[in-house]
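Please read it alongside the sequence and the coordinates.

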Amino acid sequence: MHQTLAPEVRNAGDDADDRRAHWNPQQETMPAAQMRELQTRKLKQHLAYLAQHSALYQRKFAESGFDPAGLRSIEDLVHLPFTTKADLRDGQESHPPFGLHQAAPMDKIIRVTSTAGTTGRPVFQGYAREDVMRRNESIARGLWGFGVRPGDRVINGFALSMFNAGIPFCTGIEHLGAIDIPVGAERKAEGMLMVARDMKATVWIGTPSFAGFLAEKCQEVLGIPPSELGLRVVCGGGESGFEQPAFQKKMETAFGTHHIYDWASTSDAHPNVFAHCEHRQGKHHLTPDFALVELIDPASGKILPMEDGAEGEYIFTHLDRRACPLARYRTGDILRVYTKPCACGRTGFRMDIVGRSDDMLIIRGVNLFPSAIQSVVGGFAPKASARLQIVLDQPGPKVEPPLRVRIEHAPGLGAAELADLRAGIEQAIRAKLTVTAKVELVPPGGIARTETKTRLVIVEAQS
Ligand SMILES: [Zn+2]
């Protein structure tokens, strides 16, 4: 076991040179062909492990006729059916607490995290000791790329209670050799700001909305602007924000640093992670040695080539997760991938999350994500605001054109300006997306706000 782990998991102090650009240069800059070889070898081993230990995969292999021992290349994986959120929920009902896919016995599991349960019962994940080590490793790779080094004082501002970015991030920070300050979102903004000042924190991680809130409250709580806090790196994820140039700029100005970085991982996917490097041209897949990523067309389930600019649903297969491994798991996240080389030297592809597969529409056989409409409308700012909704007559994904798009316009526009704006947006959508749209402009505040987030796609009978 430890022999196979040796090159993949580094320890602080393995290399005395903290000036190196990558936490684990061998893994992070491995040539693609060599990585593919490593993935193939690990995949074979891991499928054999699933066949032996996971009841869910024993059943899936049997039902589909997939023979894990017969796998010759990664391409053969296409014959294995997907695993879905429903598999996990059903499995946890019948086999609590972790579900039918659990592959390590209870006496090998040393940690539990759970999803927030915002869309149903929380789903629990168990970690074996090796899973914790790889999670530490993946966090260290990401943080190192943000410029975090031993000696840095790192505040974990994520929720600590059960959350997969709580305690796991704390131990990841310790694994890197930096100083873990486990404040947690539970401490609220005021308490967190005081600890940041007293501990002279240099790095902060958490959700972008919390970072924005800290910036707003700093003057009031501490009597200094956030730029005087001394934070050199502000990063995290868990929601959209840190990847958006406008928010990056805002945070750069507020905290007086250009090291504003985004992180993306899905709770069930750990230790698989994506994170910015200093160039912020999409988030690197930092752990191709821990999980295989495929892109699929969410409607047909067909694999899409991993080409620059490709968009599709992100599915992953763990290559060595022991406790709760998943194979060909559908995350529902839609990625746009970038495959051109990055100046940082990391070889994994890069990506941004552009939507959820649930939001995908099919218009005359063409897949369309609401994010594509958002990006066209974004070209009409500030006259058109970013607040918009796609209005369907009946539930998607199939939609008969014209596509109804409701957009809030800026205050103070006259009738002629509004007519021009409407025509301009309709024309741009047709030109760029080959979709006929019917734009309805509404005054500021015309799209209902909810306590959570505004739905991008709604169903509303035509009046
Ligand atoms: Zn890079």
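**Loop residue, helix packing and a covered helix**

Pro305 lies in the loop between strand S11 (303–304) and strand S12 (311–318); strands (E, at least two residues) and helices (H or I, at least four) are DSSP runs numbered from the N terminus. The model is predicted: local features need pLDDT of at least 70 and side-chain atom pairs count only at pLDDT 80 or more, while totals for chains, interfaces and linings use all residues. Residues are numbered from 1 along each chain as its sequence is written.

**Pro305**
- Pro305 counts as exposed because 9 other C-beta atoms lie within 10 Å (exposed means 12 or fewer within that distance, buried 20 or more, partly exposed in between, with C-beta atoms placed from the backbone).
- Between Pro305 and Glu294 the C-alpha to C-alpha distance is 8.6 Å, at a sequence separation of 11 residues.

**Helix H6**
- Helix H6 (residues 129–145) has 17 residues and spans 25 Å from first to last C-alpha, close to the expected 24 Å (1.5 Å times one less than the number of residues).
- Of the 17 residues of H6, 15 are buried, and the helix is mostly covered.
- Gly147, with a positive phi near 100°, follows H6.

**Helices H9 and H10**
- H9 (residues 208–222) and H10 (residues 245–255) pack at about 35° with axes 10 Å apart (axes are lines fitted to C-alpha atoms over the stretch in contact, and angles run from 0 to 180 degrees between N-to-C directions).
- Pro208, Ala211 and Ala215 of H9 meet Phe247, Met251, Ala254 and Phe255 of H10 (contact: C-beta atoms, placed from the backbone, within 7 Å).

Note on methods:
Contact = placed C-beta atoms within 7 Å.
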